[in-house]
Amino acid sequence: MAEPLLVVDDLKVHYPLGKTLFKPGVTLKALDGVSFTVGRGEVVGLVGESGSGKTTLGRAVLRLVEPTAGKVHLDGKDVTALPPAELKSLRSRMQIIFQDPYASLNPRMSVGQTLGEALMLHRIGTRKDRDQRIGDLLEKVGLPRTAAARFPHEFSGGQRQRIGIARALAVNPEFIVADEPVSALDVSIQAQIINLLQDLRKDLGLSLLFIGHDLSVIEFLCDRVIVLYLGRVMEMGTAAGLYAKPRHPYTRALLDAAPVPDPTIRRERITLKGDLPSPVSPPSGCVFRTRCPYAIERCAQVVPPLEEAANGHRVACIQSHELDLSNPLA
Amino acid sequence: MTDATVPGAINPAAPPQTYWRRVLKRFLKRRLAVIGAAFLVLLGIAVTIGPMLSPYSYDYQDFDLLGMPGPMSAEHWLGTDELGRDALTRLLHGGRVSLAVGLAGAMIAGIVGTLVGAVSGFYRGIPDVILMRFTDVMMSIPTLPLVLLLSGLFRPSPPLLVAIVGILIWMGTARLVRSQFLALREREFVEAARALGASGPRLMFRHILPNAIGPITVASTLAVGSAIMLESALSFLGFGIQPPVPTWGNLLNSASSWLSQAPWLAIPPGLLILFTVLAVNFLGDGLRDAMEPRE
């Protein structure tokens, strides 16, 4: 792959909290210096616990949340610095699919109106052939053309998610953020939606940033995976490499937390205890050290840099060379 | 592409269920609300065509009956007032004025309140602080002392009265709309539209406002009740529509001095104010249940 489609460089999203005229308040660091790339046609997975900053990262990349610092380039264009008019035209190239298919469709607009608005905002097609396009979009995501006249409440969750996907596809984007697109669905429906995404990816050559916490889904769908913890990248690498040989204790803990469909297998596991520390006052040094079974004194003193551990595999852990965290099941 | 369409899709024969169709269905199940709506419709018809059917105009004076209120009779169904004017004609004509002022005042309150609340809730930050503090100030102004003060200064024309009524009651709607906008702006469908590049006004009026229309309709309906009450109070105190043009408020005012001799003059406008406001409130409650079902 030549030039990556999306380049994210040292992205930060900080929220001032409790600041009033009378007191200074504190800063919540939802994202604290995240860098990565997504190649053309590549699917990158983003995993981490609730509160790790996954959703904020997805939103900030699309500038739905204003980044505090850092840069996002889509095909060489600086998303973070564009004036509103140019940002709008760039929005047709980057789209988002949401988690909750019940909240992501306007209940007062018919499916045709929702899709038509996307076309209208980006002046795609003439008024006459938009109905045709809307029908084509619906068929593309496996819904009947007649669905256009219906309202969201007439559909099931899986069908609504298909509508959400059709809306994202309406403007012919190259890059889509999929923010836990299957987490809210029944397992049987999840497979359908994942297959749909897989097909669309192949047919349309889409690049995806796939946010999720189901590691088996991520493994199936993604080329590379980024592990996020408390707004920082802990580890990133190819899906195969990362699953077979995690190099960060947090990644290993996430893999261990995933259920294995064979109860006879016994294995040593890293179990995470407690909750995520507060992002308002993160631990010094390595942010994961408070829950890391391998933490040593030095972990509290130095912030581990994200270092190349193997080809294309980067990890932020000062002990990564000493620890063997290979997944015995992989 | 995926070729098979999803099984278990919607029934293509059934008509699309629009929001309003469902609201109507639920509304018709509320008996008090339907009675209230029916009463208001009948009242609307009566005050519209009633004065046209009456043989008297609202300011026609029968000089034979001057000086004392006249009793109910075949010629004057609700009697006459001390100036020899037909009470029923004046009651119906007064209904026109009171309802018109009430509706127009509530409409102004609805528009002002919706705009203030929408901008406040959508943009947050400094616009929100300024608009909400202004709203607080307006809410803290005691209505009747202000009105009495104004009445010493000038007599309002009907359009001015409508504006005053509107300006005195928009604050509740503004707060309600603001809270709706604050909640709805975070919803994912609004974010989806933002991700498509929709402008601020488009997000506000195409995506958020239609989803807040239920509470806004309810608030505006209830505001009609407040506006009618306020207009009646203002006219009763002499700061409203000026005689000889009747309104329910000033009819009550002039009838109050004859309360013991001619109660038939005071009771009809009083009852109509009572029942109208009651019907408006029943209607508003019914709309609330129909538009925001807790299912």
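**Exercise 1. Where is the place of B:Pro244 in chain B? Find it, then look at the peptide bond leading into it.**

Keep in mind that this is a predicted model.

- Step 1: Go to the loop between α9 and α10 (248–256) of chain B; that is where B:Pro244 sits.
- Step 2: Check omega for the bond from B:Pro243 to B:Pro244. The value is near 15°, and the bond is cis.

**Exercise 2. Describe the overall build of chain B, from its elements to its surface and charges.**

- Step 1: Count the elements. Chain B has 11 helices and zero strands, so reading from the N terminus on gives α-α-α-α-α-α-α-α-α-α-α.
- Step 2: A compact globule of 295 residues would have a radius of gyration near 19 Å, whereas chain B comes out at 24 Å. Its C-alpha trace spans about 90 × 50 × 25 Å along the principal axes.
- Step 3: Look at burial and contacts. Of the 295 residues, 46% count as buried. Take the contacts in chain B between residues at least 6 apart in sequence: 72% of them join residues at least 24 apart.
- Step 4: The accessible area of chain B is about 14400 Å², and carbon and sulfur atoms hold 69% of it.

**Exercise 3. Why is helix α3 of chain A described as largely enclosed by the rest of the structure? Work out what it packs against.**

- Step 1: Count the buried residues. Nine of the 11 residues in α3(A), residues 111–121, are buried, and therefore the helix is largely enclosed by the rest of the structure.
- Step 2: Name some of them. A:Val111, A:Leu115, A:Leu119 and A:Leu121 are among the buried residues, and so is A:Glu117.
- Step 3: Find the packing partners. On the chain A side, the buried residues of α3(A) pack against α2 (84–91), α4 (127–140) and α5 (157–169); from chain B come α8 (188–195) and α9 (200–236).
- Step 4: Follow up on one of those partners. In α8(B), seven of the eight residues are buried, leaving the helix mostly covered. The buried set includes B:Phe189 and B:Val190 along with B:Glu188 and B:Glu191.
- Step 5: See what follows each helix. Just after α3(A), A:Arg123 has a positive phi of about 50°. After α8(B) comes B:Gly197, with a positive phi near 95°.

**Exercise 4. Which strands form the open sheet that contains β1 of chain A, and in what order?**

- Step 1: Four strands of chain A run in the order β2-β1-β4-β5, with antiparallel pairing.
- Step 2: Pick the edges. These are β2 (26–38) and β5 (77–78), each pairing on one side only.
- Step 3: Zoom in on one pair. β1 (residues 6–17) and β4 (residues 69–74) of chain A run antiparallel and are joined by five bridges. Within β4(A), A:Ala69 is the residue opposite A:Lys12.

**Exercise 5. How many residues of strand β3 of chain A are buried, and which strands does β3(A) pair with?**

- Step 1: Check burial. Five of the five residues in β3(A), residues 43–47, are buried. A:Val43, A:Gly45 and A:Val47 point one way, while A:Val44 and A:Leu46 point the other way.
- Step 2: Take the pairing with β8 (residues 207–211) of chain A. This is parallel, over four bridges, with A:Leu46 opposite A:Ile211.
- Step 3: Take the pairing with β9 (residues 224–229) of chain A. Again it is parallel with four bridges, and A:Val47 stands opposite A:Val227.

Terms used:
Residues are numbered from 1 along each chain as its sequence is written. Chains are lettered from A and ligands numbered from 1 in the order in which they are written. This is a predicted model: local features need pLDDT of at least 70, side-chain atom pairs count only at pLDDT 80 or more; totals for chains, interfaces and linings use all residues. Side-chain values use heavy atoms; hydrogens and water are left out. Helices (H or I, at least four residues) and strands (E, at least two) are DSSP runs, numbered from the N terminus. The radius of gyration is taken over C-alpha atoms; the globule rule is 2.2 Å times the number of residues to the power 0.38. Buried means under 20% relative accessible area, exposed over 50%, partly exposed in between (1.4 Å probe, protein chains only). Contact means heavy atoms within 4.5 Å. Accessible areas come from the Shrake-Rupley method with a 1.4 Å probe; for residues, only the protein chains shown count as cover. Two strands pair if DSSP finds at least two bridges between them.
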